[in-house]
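This report is meant for a reader meeting the structure for the first time.

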Amino acid sequence: MASPQKHLATGIIGSAAIYAFTRNIPLTAGFFMGSWAIDLDHVWIFWRETNFSRIFDVKGMINYHSKLRFEQLIKKPFLHLLHFHTIEFLLGVLLLAIYLPSISAPLQGLFIGMLLHIIIDDIGLLKVVSFHKRCHSIIEYNIRKYIFREKTYHDLYP
Ligand SMILES: [Zn+2]
């Protein structure tokens, strides 16, 4: 759980390094997108929670996630899942990179950027008490939620 600025900074620095070593623009562009765009699932969560009534409410979305983070860290940690941050999504991008050679370079960059983003998020999560509450797999989330009955945000804050 790193700030958008930290992801943007690592995306710019990483992109510069990748371009310096490879001179490959599609690979570099894919990496840059992957390093920050997977956080768009935060946008999706906000849209879904507000029944798509506040699509352009950027400040509302930031406040929503700040409140969510506060409740997650300070009050009661809850099980959560960000779909773009899962092994299933990552593997999907990797498989597309392997089986679509015509767009393999940007997809390889996207994969590397997403992987770096997730590693940075996890380093941030290791510093806080709720690291174990983020699921890195859709399968893991469903097992923990339905079999082990771990509480989600909606269970704790109906
Ligand atoms: Zn993230």
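## A glutamine in helix 1

Glutamine 5 has 9 other C-beta atoms within 10 Å and is therefore exposed, since a residue counts as exposed when 12 or fewer such atoms lie within that distance. This residue is found in helix 1, and although glutamine 5 and tryptophan 36 are 31 residues apart along the chain, their C-alpha atoms are separated by 9.2 Å.

## Confidence in the model

The model is predicted, and confidence should be kept in view while reading what follows. The mean pLDDT of the protein is 89, with 96% of its residues reaching 70 or more. Confidence is highest in helix 5, at a mean of 97, and lowest in helix 8, residues 153–156, where the mean is 78.

## How helix 2 packs

Two packed helices are described by the angle between their axes and by the distance between those axes. Helix 1, which covers residues 4–22, packs against helix 2, residues 25–37, at an angle of about 165°, and their axes are 8 Å apart. Because of that angle, helix 1 is roughly antiparallel to helix 2, and the crossing of the two is right-handed. On the side of helix 1 the contact is made by residues including Pro4, His7, Leu8 and Tyr19, while helix 2 contributes Leu27, Thr28, Phe31, Phe32, Ser35 and Trp36.

Helix 2 also meets helix 6, and here the axes come within 6 Å and cross at roughly 30°. This crossing, too, is right-handed. Among the residues of helix 2 that take part are Gly30, Phe31, Gly34 and Trp36, and among those of helix 6 are Leu107, Gly109, Gly113 and His117.

## The nonpolar cores

The largest nonpolar core has 9 residues in all, namely Ile38, Leu90, Val93, Ala97, Leu107, Leu110, Phe111, Met114 and Ile118. Two or more residues of this core come from each of helix 5 (87–99) and helix 6 (104–126), and helix 6 gives the most, with 5 residues. Leucine 107, a member of this core, touches Gly30, Val93, Leu96, Ala97 and Leu100 when residues up to four places away in sequence are left out.

## Exposed residues in the loops

Phenylalanine 52 has a phi near 60°, a positive value in a residue other than glycine. Its place is in the loop between helix 3 (40–49) and helix 4 (58–75), and phenylalanine 52 is exposed, because 9 other C-beta atoms lie within 10 Å. Arginine 149, which is not a glycine either, has a positive phi of about 55°. This arginine is found in the loop between helix 7 (138–147) and helix 8, and arginine 149 counts as exposed because it has 9 C-beta neighbours inside 10 Å.

Proline 101 sits in the loop between helix 5 and helix 6. With 9 other C-beta atoms within 10 Å, proline 101 is exposed. The C-alpha atoms of proline 101 and serine 53 are separated by 40 Å, and these two residues are 48 residues apart along the chain.

Terms used:
Residues numbered from 1 in each chain as written. Predicted model: local features only at pLDDT ≥ 70, side-chain atom pairs only at ≥ 80, totals over all residues. Core = buried A, V, L, I, M, F, W, Y, C linked by C-beta atoms within 7 Å. Buried ≥ 20, exposed ≤ 12 C-beta atoms within 10 Å, placed from the backbone. Helix = DSSP H or I, 4+ residues; strand = E, 2+ residues; numbered from the N terminus. Contact = placed C-beta atoms within 7 Å. pLDDT = per-residue confidence, 0-100. Axes fitted to C-alpha atoms, helices over the stretch in contact; angles between N-to-C directions. Parallel < 35°, antiparallel > 145°, perpendicular 65-115°, else oblique. Left-handed = near helix turned anticlockwise from the far one by under 90°.
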